[in-house]
Amino acid sequence: MNQHPIFWFADGNIVFQAGDTIFRLHKSILFMHSQALETILTLPLGIEGDGENSNHAIFLEGISMDEFEHFVSWVYHVGSATQQHTIASLTAILKISRLWMIENSILWAIANLEQLDLSPAHKLELARKYNIPGWIPLAAQALIFSPLSAISDDDICRLGLRVYSIIAKAHEMVECERKTIAAVPPGLLLDPDPSCPPNQHQHCREAWIHFWWHKVARQLLHPTKPLALSGIIDYIANQPHPDGLRVACRERYVGEIIEGGGLHVESKIVGGATAAIETYFASL
């Protein structure tokens, strides 16, 4: 058994074991952070594993030496002025803070993790392990809108088969909706606008079809960065007005897109997938 080179205090009065390393710490400092821990550690002395000395260290099952070292560094503020916390250190602080119900440390770790470059799959993994429901919607949406080929094997391991299946099915549904809307320019069965002469409307119709296929459909079907359905109206508004298409007819075609109700179908799919993931996490 190895004594930790830093966190073995001569005046410490509680001993923990993480991995093959023992730490002698101060109950008073730990108790300042966690009332729950004070309750746990207020046990009769003289029983095995009560933390009285190195022969009776409290074994921290499932917590590695590195994880506990990160946590104790946070508690004792060792290097806190200059230390750049990593995903590993913040996750360790979050893990042990959850275990010992240290609310201020939990909130601090989550806030700092949000500043780091966590992948959506990693966020969902942490949301599942440490009960962070606020991370689920945006992480799920990012994965659903990404190509499935961009989800690595490591990501799948983080997600688990159940969550990956939810993501993959939602992704397929979104792709199907985009292809369906891209396939047929909307509004072709509409009557001409009263201001558009009959002999002109055929030109409007052809101009709209050409614009749809060469602009909107291509964006919807882009292999890596497809246009979101909710972004169609803004995309059309930002494009130069198609030659041969009267403004009144264009407005009628755009109105048909809005009335068709397909612009928000993606958010409904994402909402359903998010709810399914939340329900699954709650059942664990």
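At a relative accessibility of 58%, Asp191 counts as exposed. The model described here is predicted. Asp191 belongs to the loop that runs between helix H8 (153-183) and helix H9 (198-220). Its C-alpha lies 9.6 Å from the C-alpha of Cys249, although Asp191 and Cys249 are 58 residues apart in sequence.

The aromatic side chains are taken up next. A pair of aromatic rings is described by the distance of the centres and the angle of the planes. In this model the count comes to 14 aromatic pairs. One of them joins Trp74 and Trp108, with 4.0 Å centre to centre and 20° between the planes. That pair counts as stacked because its angle is under 30 degrees. Trp74 is part of helix H3 (residues 65-76) and Trp108 is part of helix H5 (residues 103-113), so the pair ties together parts that are 34 residues apart in sequence. Trp74 has a relative accessible area of 14% and is buried, whereas Trp108, with a relative accessible area of 24%, is partly exposed.

Ring pairs also link residues into a cluster made up of Phe16, Phe23, Phe68, Phe71 and Trp100.

| Charged residue | Ring | Distance from the ring centre |
|---|---|---|
| Lys123 | Trp135 | 5.4 Å |
| Arg178 | Phe145 | 5.3 Å |

How values were computed. Residues numbered from 1 in each chain as written. Predicted model: local features only at pLDDT ≥ 70, side-chain atom pairs only at ≥ 80, totals over all residues. Heavy atoms only, no water. Phe/Tyr/Trp six-rings, centres within 6.5 Å; stacked < 30°, edge-to-face > 60°. Helix = DSSP H or I, 4+ residues; strand = E, 2+ residues; numbered from the N terminus. Buried < 20%, exposed > 50% of the residue type's maximum accessible area, 1.4 Å probe, protein only. Lys NZ or Arg CZ within 6 Å of the ring centre and 35° of its normal.
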